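Visitor: I would like to learn how to read a structure. Please walk me through it.

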Amino acid sequence: MEHQKAIVYARENGLFEQLEKIYAQVPQCSGCIGCKACCSESVDTTYIEFLYVLNRYYPMYEDLASLPDGIRGRLLKFTLFELAIPQKCPFLNEEGRCEIYEARPLACRVYGTLSRSDYEANYEAVVRQNLEMGKVLQKENGIMPHRALMLRKIPYCEHVAVSAHVTPAMQTSWQNERINLDGKLYFEHLMSMKRLNGNLVGHFFTEDRILDKLPETLIPSLRISILEALQK
Ligand code: SF4
Ligand code: SF4
């Protein structure tokens with residue numbers, strides 16, 4: 001119900017059209033050979049982007065229980081194991097296809113559009129962020145995610161091409177435009193602060209009613225237990 005109200009507001013106030021205009025600025029890539037080397041994380045996703053996915057692919061979504069078995073299983077597996085074992089994005093299905101391709105977030109659309117040097121510089125920044133997050137997890141839970149996971153790299157794609165590379169500044173501008181749309185939802189009391197800086201998988205586990213039936217800490221503690229067991 002929470003999402004349904006926000007979806008109705010987004011539809012009635014043209015927020016999805018505004019999001020589509022942002023997406024339309026991203027140049028199309030060509031030449032993908034389907035090697036699956038990308039699609040290896042839960043990508044940065046704003047709330048309006050999450051709603052856009054629900055509106056297009058899961059219009060009856062209320063909580064995890066309302067999702068088809070395949071995606072529900074992959075989401076749970078991803079969230080339980082992501083600190084310990086490299087995971088593919090749960091939306092990459094068994095056939096190696098993105099199940100939400102037409103509504104994929106900006107982060108997926110811009111992959112392959114930077115020059116190699118800009119992409120590598122961005123990777124360095126991501127690693128620094130991961131290492132900082134690892135320190136926070138260690139402080140809060142006493143255990144560090146596997147270092148290989150924090151240093152993990154989605155390689156620069158050698159296959160896809162764009163008519164002209166975009167700049168990091170262009171990417172930042174599109175990212176900010178999406179965040180502005182979230183601001184509209186926030187000021188209408190249709191989005192909680194917990195959804196700021198969200199990621200695609202994380203949105204499914206934020207205030208999800210299926211988890212109301214479980215102790216609040218069950219999923220985080222299961223994740224830590226799995227990590228501990230695998231590090232022994
Ligand atoms: S975009 Fe590149 S890395 Fe991703 S599946 Fe296609 S060829 Fe592989
Ligand atoms: S949402 Fe789709 S395109 Fe994006 S990482 Fe997942 S499978 Fe790949």
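Guide: R72 and D69 sit 3 residues apart in helix α4 (residues 69-81), so about one helical turn separates them. Helices (H or I, at least four residues) are DSSP runs, numbered from the N terminus. This is a predicted model: local features need pLDDT of at least 70, side-chain atom pairs count only at pLDDT 80 or more, and totals for chains, interfaces and linings use all residues. Residues are numbered from 1 along each chain as its sequence is written, chains are lettered from A and ligands numbered from 1 in the order in which they are written, and side-chain values use heavy atoms, with hydrogens and water left out.

Visitor: What do the side chains of R72 and D69 meet in?

Guide: Side chains of opposite charge can pair when their charged atoms come close. Here R72 and D69 form a salt bridge, 2.7 Å from N to O. The term means a side-chain nitrogen of Lys or Arg within 4 Å of a carboxyl oxygen of Asp or Glu.

Visitor: How many salt bridges does the structure hold?

Guide: It holds 8.

Visitor: Which residues are around ligand 2?

Guide: Look for residues with a heavy atom within 4 Å of the molecule. For ligand 2 they are C39, C89, F91, L92, C98, I100, C108 and L200.

Visitor: How does that shell around ligand 2 divide by class?

Guide: Ala, Val, Leu, Ile, Met, Phe, Trp, Tyr, Cys and Pro count as nonpolar, Asp, Glu, Lys and Arg as charged, and the others, Gly among them, as polar. The ligand 2 shell has 8 nonpolar, no polar and no charged residues.

Visitor: And what are the classes around ligand 1?

Guide: That shell has 8 nonpolar, 2 polar and 1 charged residues. Its members include K36, Y111 and H159.

Methods
Helix = DSSP H or I, 4+ residues; strand = E, 2+ residues; numbered from the N terminus.
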